[in-house]
Amino acid sequence: DTQEVTITFEITKATDNVITEIIFEDFVYGTDPTPATVKAKYGADNVRFTIDGEETDFSALELEAGSHTLVATIAGTANYNSATLTKVFNVNKIVVKQSDLPTISGSYVYNGKEQTVSLVGEKDYLTISGDRSGTNAKNYTLTISLKDDTNYEFDTNVVTTLTWTIEKGVNEFTTPLSILSWTYGEAIKNPTAVSKWGTVVFTYTTKAGEFVSVDALSPANAGEYIVTATVVADGSNYDEISESVNFTISKAKVTKPTENSSTFTYNKTEQTYTLTTNSAYTIKNNTRTNAGSQTVIVSLINTTNYEWENGSVDDIAYTFTINKAKLTAPTIKTGTFTYDASVKTFELTGFDETTMSITGNTAKNAGSYTAIVSLKDTDNYEWADEFDGNISWQINKATKDLPTLGNIPYNGKTQKAV
């Protein structure tokens, strides 16, 4: 027969758990290390780390350069005992090499002004001290130091000084001498010239070499002149320099006034053919009242120093025309009448007795008539449309109704119809 047997056994808690190794490498300040791991008999995936006694989050680790203590701890469970291991590691300083240091950019020449050296490659962890600015021609020295020597260090053989120099300069015109010629009657044009340093002084002469003062240039006649720019020497820094150029005072060019494009129509008042005015010319014969045409004359005042843009000095003529005023022909107000033994007057709409006259517009007897409308001033007025002045009108014959007769009762006698 089969018998059932019960056997009791126990799994005891392990007591040999141990962390055999902490895997974590030294790293450089400011870089992100690979998170630490451990080798352990049990619980390697349930480890807790502290650095220098503080709970550690390797994703946000901020440690200064130096030696630090990392402790790994596996908490005991019902199945195994706790385990702890300590490791000392280093956060290394950032090594600043020669290639990390700034360098001098550009060259510098004496210009009489303070100049500031330009550095390429300045870093926020470096301090630059010394003469970054200077005026006189000589050597200047800059010293480079670390702002944070706890976490940074210079590599061996790094040179931590920079020397920059302002050289003695050669003066020259950075903007060449120039002067605009001008036209007679205009204000003089000032010359321009800019040197690297020093004060530029301008002098004027004729082509023949005669000195001309600035005040004498303004009223001077047309002709050719010379201006010279000079910067006197400063013996310690630069030599004298000078430049000369020619310029001309030309005849004044006058723009021909543009023809007046307005349309003028007789309006009983004086009208003006308006042109652009200019002190260099006169305008004559440019007013008129009556319809018609006349010539407007524009003349240069001084042909010795003025000319038209095309080089001519002749008078310019414009035609000034005032057109006749256009009047709308009157229209019939009452064109048909019936004879009644009275005089009839033919009336018009739009008839203006100040500018028009009319005949043939009255009659008594029946019939057809023609009224004649005429312009009083044909020199200044004309009809707006084709109109010969003739307007037909009529007086019709009068009509009378026939009498009617009533019935008369018979009375045996001769009777009259009433």
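Student: How many bridges join S26 to strand S32, and in which sense do they run?
Tutor: This is a predicted model. In it, 2 bridges join S26 to S32, residues 316-323, and the two run parallel.

Student: Which residue in S32 is the bridge partner of Phe-264?
Tutor: Ile-322 is the partner of Phe-264.

Student: What order do the strands take in that sheet?
Tutor: The order is S26-S32-S30-S28. The sheet is open, has 4 strands and shows mixed pairing.

Student: Why is one side of S26 and of S28 left without a neighbour there?
Tutor: S26 (264-265) and S28 (281-284) stand at the edges and have a single partner strand each, so one side of each lacks a neighbour in the sheet.

Student: Switching to S7. In which sense does S6 pair with S7, parallel or antiparallel?
Tutor: Antiparallel, over 9 bridges. S6 covers residues 66-74. Thr-73 stands opposite Thr-84 in S7.

Student: And how does S2 pair with S7?
Tutor: S2 (residues 27-28) pairs with S7 (residues 83-92) in the parallel sense, over 2 bridges. Val-28 has Asn-92 as its bridge partner in S7.

Student: Whole protein now. How many helices and strands?
Tutor: There is 1 helix, and there are 42 strands.

Student: What radius of gyration does the protein have?
Tutor: 59 Å, whereas a compact globule of 418 residues would have one near 22 Å. The C-alpha trace spans about 180 × 125 × 30 Å along its principal axes.

Student: What percentage of residues count as buried?
Tutor: 30% of the 418 residues. The accessible surface is about 26,800 Å², with 47% belonging to carbon and sulfur atoms.

Student: What about charges?
Tutor: The protein has 32 positive and 51 negative charges, and their mean positions are 21 Å apart.

Technical notes. Residues are numbered from 1 along each chain as its sequence is written. This is a predicted model: local features need pLDDT of at least 70, side-chain atom pairs count only at pLDDT 80 or more; totals for chains, interfaces and linings use all residues. Side-chain values use heavy atoms; hydrogens and water are left out. Two strands pair if DSSP finds at least two bridges between them. The radius of gyration is taken over C-alpha atoms; the globule rule is 2.2 Å times the number of residues to the power 0.38. Buried means under 20% relative accessible area, exposed over 50%, partly exposed in between (1.4 Å probe, protein chains only). Accessible areas come from the Shrake-Rupley method with a 1.4 Å probe; for residues, only the protein chains shown count as cover. Lys and Arg count as positive and Asp and Glu as negative; His and the chain ends are not counted. The place of a charge is taken as NZ of Lys, CZ of Arg, CG of Asp or CD of Glu.
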